[in-house]
Amino acid sequence: MLGFEDSGNLLRLLNGGEEQTVEDIVSEFNSIFRQSQYFNACTALEYLITEEKVLSPTQRLIAFAIIQQAYASQQPSSNPFISRLVDAASDDAAEKYERAFVLQLLGFTGGNNIELLKQSAADYIKNFDLSPHSFPQREQLQQQYCGKGHPEPFKCLFKDNSVKNVVPDPDVPHGCNSNSSEFDAQPGVASKIGSGNRDETVSGLLSSFSLEGLGPQWIRPFPPRLPVMDGELLWLNPDMNHELLWDYGMCADTSRGAAVRDLIAKALKNPLVPVQQEQVLVELANDPKLVYHCGLTPKKLPELVENNPMIAVEVLIKLVNSPEISDSCEYGDESSFHGSRK
């Protein structure tokens, strides 16, 4: 939600609580961030406040001050983070100075909080006096500041059971395992616990901050399929796993007409002897389709008629029911057919 530059600026403001006054830090916040960025910045601060170990005491006070002062020009009930401020002011487990600081920001004590803003967070903690402060109950603060515009927050089962994003321990150096034996207390050796870079941890959280947690997945079983009623069409999912089939007609043996082709080629030029003529007639009788593979064309038919009329008649009988018969008749002249009749 925040870029790298904005995260660095926000971290620098949080670190200014040791020396700068709260008023100066809030003023610098207003000059760096546009009003449209207030919500994103305050959301990131609220996230850091929720993790108690992440921010130091002064950083937490600065974060509360920015969250409250960002919407100070509006009614307290219009502040989208007023519920978080009320929770911090009524948290019995929190430090007393922190609760008193938030109460003074809200103006619960009745005094002016200008004096509060003119001192640094470190000075406030150092000079804090518990005696003049009283801490009201949560219900009283909610009734006074939340108003009717902030009802009881909606409880979502999935959100309540979600796991927060992983937050690194700021007291452990980056890349180290806190359960390792090197962190065990040893006499005469300073403990590595607490030697981590807290600013590095906060900067990493700000730059990678997201409102999304690791919530449980919304998993539901597939609904059962309804039965097919009479008259309905059944949806089919055809099997697309086709298999290759061998075409046994490919690469067929064409040598069976070789002898007939040779004899037909001779028959076109000269008359065949009776034995050869009988062989052609027998082959054509045994295989009627052989006439299509013997090399005979309509143009060559007149030559066959002149030299071997008996074979020509047998060929025409085989072609009588085929389209080639018309072409054969066109190329056969009248004298040739008369000669075949004789």
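**View 1. Helix α1 and its buried residues.** The buried residues of α1 are Asp6, Ser7, Asn9, Leu10, Leu11, Leu13 and Leu14. Here, buried means under 20% relative accessible area, exposed means over 50%, and partly exposed is in between (1.4 Å probe, protein chains only). Helix α1 covers residues 4-15 and reaches 17 Å from its first C-alpha to its last, close to the 16 Å expected at 1.5 Å a residue. That expected span is 1.5 Å times one less than the number of residues in the helix. Helices (H or I, at least four residues) and strands (E, at least two) are DSSP runs, numbered from the N terminus. You are looking at a predicted model, in which local features need pLDDT of at least 70 and side-chain atom pairs count only at pLDDT 80 or more, while totals for chains, interfaces and linings use all residues. Residues are numbered from 1 along each chain as its sequence is written, and side-chain values use heavy atoms, leaving out hydrogens and water.

**View 2. A salt bridge between Glu28 and Arg12.** The side chains of these two residues meet at 2.5 Å, N to O. Glu28 lies in helix α2 (residues 22-32) and Arg12 in helix α1, so the pair ties together parts that are 16 residues apart in sequence. A salt bridge is a side-chain nitrogen of Lys or Arg within 4 Å of a carboxyl oxygen of Asp or Glu. Arg12 counts as partly exposed, at 41% relative accessibility.

**View 3. A salt bridge between Asp87 and Arg138.** Here too the side chains meet at 2.5 Å, N to O. Asp87 belongs to helix α5 (residues 82-89) and Arg138 to helix α9 (residues 138-146), so this pair ties together parts that are 51 residues apart in sequence. Asp87 is partly exposed, with a relative accessible area of 29%, and Arg138 is partly exposed at 31%.

**View 4. Asp92 paired with Arg99.** In this salt bridge, the closest N and O atoms are 3.3 Å apart. Asp92 is exposed, with a relative accessible area of 63%, whereas Arg99 is buried at 3%. A search of the whole structure finds five salt bridges.

**View 5. Gln68 and its surroundings.** Look for Gln68 in helix α4 (residues 57-69). At 11% relative accessibility, Gln68 counts as buried. Leaving aside neighbours within four places in sequence, Gln68 is in contact with Asn79, Leu85, Leu105 and Leu106; contact means heavy atoms within 4.5 Å.
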